[in-house]
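Biologist: Hello! Could you walk me through this fold, starting with how the strands sit together?

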Amino acid sequence: LGGTVTAVEKIEAYSLGNRVGLKTYVIVGLRNDFKVEMSAVDEQIEQCKARLAEAASGLERTTLQMQNSKDPAIVKEKMECMRNKIKEQSNLNELIAKKESLADIRDRSVNGTINVAGAANIGTIIIINGISEVLNSEYKNVTFSRTPKEIRIHSNAIDDTKMRATKKRRY
């Protein structure tokens, strides 16, 4: 009855939501505003790069210290710096992959739509690339799309009428 459905580019359904009033989220593209989510990932990447540079610097320092001394504490510190560098490089790779994935979703869902052949019930929450709309009315046979600042609702009935008229003319 309630729940969440997500897609990158398009959702087609006979009905959305429910008459009971349980929250139903219908999401195309990104749930949050892309700029906010991308900024957070960019910030995490910068923090990770700083930690990676710190680990690389520590590794270089301990390598130089080992040339002058065979102290086991320096060897232990060098190993710790190596582990930190590997860990941060792995984290950085994951963050870069996440950033690329977000950009891919954004690019693919620019023209995202939600097409409803039947009813879109009151209380359904439509989210297209971070812009959301809570339905305060029931809509039938509509398509939801996003403009830069809002969700637009288009009637499919007009298109159906045009198609029927076109088909009749062909025969």
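Modeller: Gladly. This is a predicted model, in which local features need pLDDT of at least 70, side-chain atom pairs count only at pLDDT 80 or more, and totals for chains, interfaces and linings use all residues. Residues are numbered from 1 along each chain as its sequence is written, and side-chain values use heavy atoms, with hydrogens and water left out.

Biologist: In which sense do β7 and β8 pair, parallel or antiparallel?

Modeller: Strands here are DSSP runs (E, at least two residues), numbered from the N terminus, and two of them pair if DSSP finds at least two bridges between them. For β7 and β8 there are 5 bridges. Ser-145 stands opposite Arg-152 in β8. The sense of the β7 and β8 pairing is antiparallel.

Biologist: In what order do the 4 strands of the open sheet run?

Modeller: Take the pairings in turn. β2 and β4 are parallel over 4 bridges, with Glu-12 opposite Asn-115 in β4. β4 and β7 run antiparallel and share 6 bridges, and there Ala-120 faces Tyr-139 in β7. With this mixed pairing, the order is β2-β4-β7-β8.

Biologist: Which are the edge strands?

Modeller: An edge strand pairs on one side only. From one strand to the next, the twist averages 25°, taken between N-to-C directions of axes fitted to C-alpha atoms, on a scale from 0 to 180 degrees. The edge strands are β2 (10-13) and β8 (151-155).

Biologist: Is Thr-113 buried or exposed?

Modeller: Thr-113 lies in strand β4, where 6 of 8 residues are buried. Its contacts (heavy atoms within 4.5 Å) beyond four places in sequence include Glu-9, Ile-11, Val-28 and Phe-144. Buried means under 20% relative accessible area, exposed over 50%, and partly exposed in between, with a 1.4 Å probe and protein chains only. Because its relative accessible area is 18%, Thr-113 is buried.
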